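Please look through the sequence and the model below, and then read the briefing that follows, which takes up single residues before turning to the whole chain.

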Amino acid sequence: MNIARHIALIDELCFRPFPAEHGPSTGCAGGPGHFAAVLESSHGLRGGDQGERAVTVGQYEKYRDALYERLAPRWGETDPWNLQTVLLRTNEEEIPEPWAGLSARAGVAYLWEAEGTGRWVAVAVADRDETDEVRLLAVVTEQAPP
């Protein structure tokens with residue numbers, strides 16, 4: 001993991017104009033009011049060996065925590081945000097993107113309001129779908145969390 005590169009991308013996304021429509025944007029996916037960047041991916045590790053997947057998830061959680069250690073002094077210490085409650089709420093109410101999508105992919109995120117940018121930043125490990133790759137994600141949005 002190149003933590004300096006990941007921090008630089010998050011910083012860039014805090015100021016880059018959002019795309020007008022959903023689709024790929026330079027280095028990430030985006031849509032009106034948000035970006036979702038894959039910082040790390042298990043590249044092909046889908047289903048299969050659950051032991052190998054568990055090791056990868058554990059490593060990506062360490063990466064997420066390392067990003068927290070670098071971002072918390074800047075934007076404040078925060079407790080992990082339980083996305084399970086957001087996911088459960090999607091059954092009862094309309095949860096805006098990118099929060100609905102993030103809650104479908106990850107169980108926990110670190111979340112900050114990026115001071116001076118008007119944007120929110122979340123860092124999470126997407127591992128809910130055992131048939132899909134494990135990913136370390138950074139989400140940057142102007143949409144306050146639900």
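In this predicted model, Arg89 lies in helix H3, and with a relative accessibility of 28% it counts as partly exposed. Leaving aside neighbours within four places in sequence, Arg89 is in contact with Ile95 and Pro146. Although Arg89 and Pro146 are 57 residues apart in sequence, their C-alpha atoms are 9.5 Å apart in space.

**Two further residues**

- Not counting residues up to four places away in sequence, Arg74 touches Ile7 and Asp11, while Arg74 and Pro98, which are 24 residues apart in sequence, are 23 Å apart from C-alpha to C-alpha.
- Val125 is found in strand E6, and its relative accessible area is 3%, so this residue is buried, the limit for that word being under 20%.
- The C-alpha atoms of Val125 and Ala29 are separated by 16 Å, and the two residues are 96 residues apart along the chain.

**The nonpolar cores**

- In soluble globular proteins, nonpolar side chains tend to be buried together.
- Here the largest nonpolar core has 28 residues, and of these Trp75, Trp112, Val121, Val123 and Leu136 touch the most other members.
- Two or more residues of this core are given by each of helix H1 (3-13), strand E3 (34-41), helix H2 (50-75), strand E5 (106-114), strand E6 (119-126) and strand E7 (135-141), and the largest share, eight residues, comes from H2.
- Apart from this core lies another one, of 17 residues, and among them are Ala36, Leu111, Ala124 and Ala126.
- Val123, leaving aside its neighbours within four places in sequence, is in contact with residues including Ile10, Arg64, Leu67, Leu71, Val108, Trp112 and Leu136.

**A cis peptide bond**

- Most residues other than glycine have a negative phi, and most peptide bonds are trans.
- In this model, however, a cis peptide bond joins Glu97 and Pro98, with omega at about 10°.
- Pro98 belongs to the loop between helix H3 (83-89) and helix H4 (99-105).

**The protein as a whole**

- The protein has four helices and seven strands, and from the N terminus on its elements run α-β-β-β-α-β-α-α-β-β-β.
- Its radius of gyration is 15 Å, close to the 15 Å that the globule rule gives for 146 residues, so the protein is as compact as a globular protein of that length.
- Taken along the principal axes, the box filled by the C-alpha atoms is roughly 45 × 40 × 30 Å.
- Of the 146 residues in the protein, 46% are buried, and the accessible surface comes to about 7,400 Å², of which 48% belongs to carbon and sulfur atoms.
- Among the contacts with a separation of 6 or more, 58% are accounted for by residues 24 or more positions apart.
- There are 13 positive and 23 negative side chains in the protein, and the centres of these two sets lie 4 Å apart.

Conventions. Residues are numbered from 1 along each chain as its sequence is written. This is a predicted model: local features need pLDDT of at least 70, side-chain atom pairs count only at pLDDT 80 or more; totals for chains, interfaces and linings use all residues. Side-chain values use heavy atoms; hydrogens and water are left out. A nonpolar core is a set of buried Ala, Val, Leu, Ile, Met, Phe, Trp, Tyr and Cys residues joined through side-chain atoms within 4.5 Å. Buried means under 20% relative accessible area, exposed over 50%, partly exposed in between (1.4 Å probe, protein chains only). Contact means heavy atoms within 4.5 Å. The radius of gyration is taken over C-alpha atoms; the globule rule is 2.2 Å times the number of residues to the power 0.38. Accessible areas come from the Shrake-Rupley method with a 1.4 Å probe; for residues, only the protein chains shown count as cover. Lys and Arg count as positive and Asp and Glu as negative; His and the chain ends are not counted. The place of a charge is taken as NZ of Lys, CZ of Arg, CG of Asp or CD of Glu.
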